[in-house]
Amino acid sequence: MCLAVYCALPYHFPRLRMSRFLARIAAGALLVLGATGLSQAAELTVSAASSLTQAFKDIAAAYEAQHPGTRVLLNFGASGALLQQIAKGAPVDVFASADQQTMDQAERQQLLQPGLRRNFVRNALVVIVPQQAAVQPKSLPDLRQPGIARVAVGTPASVPVGRYTQAVLDKAGLWSAIGAKAVNAASVRQALDYVARGEADAGFVYATDAALMPDKVRVAFAVPTETPVLYPIAPLAGSTQPDEASRFVSFVLSPPAQAILVKYGFARP
């Protein structure tokens, strides 16, 4: 089989002129492909707290539907660990933290686009137990009972839910007693898994995380926090596409994205 343009040419067409002719045809084809929008879509990388996993997957899909030229890449983990990645130069465009302290650190390190940080959602701290738990604590002092040998707690140094936990236990004078039973978790989702698998007798998680496994865990009681559990989001100074990053942040604050967050149990800020 031969190319139609090639077969139509006289047999004596010089080889050099033939090569130039075909090169022009190929170059023209590339220009046509570019003009028809077949170039690679832009990629926007969003690092978000692990408690946002389900909600942000839906938000990313909704954003891509509104902006077909952009693909949203999601990276989930403990807020402190995500901040360390960003500080070390990870190519991230948007950061969503589960607490103010982590975002404060990012701001002090001048990692955020100035003036564009926003609080976008609220959560609550709860204590969960396995669905079939024999011991049913009703308050923080109940966690000292002998029947509760292991308590899943996010590592306070890097996991926001761990910092909220330590703060409330310190205020209640219970950090030493309950901290001695702590099973350290690298993220709030790991704390949830420890309790769901029966590897911990109780655990501190967010209300939205507890709602993900109603067949395996249940909320024993809510834990009021002195500092509200407010989640901030910001486009990053190191983003190679700052306008797109700012547009994603605005979308997270928009009614469609807020409705998704409410669906997953978050409250408006």
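This is a predicted model: local features need pLDDT of at least 70, side-chain atom pairs count only at pLDDT 80 or more; totals for chains, interfaces and linings use all residues.
**View 1. Tyr63 and Phe248 form an edge-to-face aromatic pair.** The ring centres of Tyr63 and Phe248 lie 5.2 Å apart, with 70° between the planes. This pair links distant parts of the chain, since Tyr63 belongs to helix H3 (residues 53-66) and Phe248 to helix H10, 185 residues apart. Tyr63 and Phe248 are both buried.

**View 2. Tyr63 also forms an edge-to-face pair with Phe251.** Here the distance is 5.4 Å centre to centre and the angle between the planes is 70°. Because Tyr63 lies in helix H3 and Phe251 in helix H10, the pair ties together parts that are 188 residues apart in sequence. Both of these residues, Tyr63 and Phe251, are buried.

**View 3. Ring pairs link a cluster that includes Tyr63, Phe248 and Phe251.**

**View 4. The largest nonpolar core has 64 residues.** The residues with the most contacts inside this core are Leu52, Phe56, Ile59, Phe120, Phe204, Tyr231 and Phe248. A second, separate core of 11 residues includes Val92, Phe95, Met103 and Leu236. Leaving out residues up to four places away in sequence, Leu52 touches Phe76, Ala96, Phe120, Tyr231, Leu261 and Phe266.

**View 5. Gln241 sits in the loop between strand E10 (229-235) and helix H10 (242-252).** Gln241 counts as buried because its relative accessibility is 18%, which is under the 20% cut-off. Apart from neighbours within four places in sequence, Gln241 is in contact with Ala42, Glu43, Leu44 and Asp93.

Notes. Residues are numbered from 1 along each chain as its sequence is written. Side-chain values use heavy atoms; hydrogens and water are left out. Helices (H or I, at least four residues) and strands (E, at least two) are DSSP runs, numbered from the N terminus. Buried means under 20% relative accessible area, exposed over 50%, partly exposed in between (1.4 Å probe, protein chains only). Contact means heavy atoms within 4.5 Å. A nonpolar core is a set of buried Ala, Val, Leu, Ile, Met, Phe, Trp, Tyr and Cys residues joined through side-chain atoms within 4.5 Å. Rings of Phe, Tyr and Trp (its six-membered ring) pair if their centres lie within 6.5 Å; planes under 30 degrees apart count as stacked, over 60 as edge-to-face and the rest as tilted.
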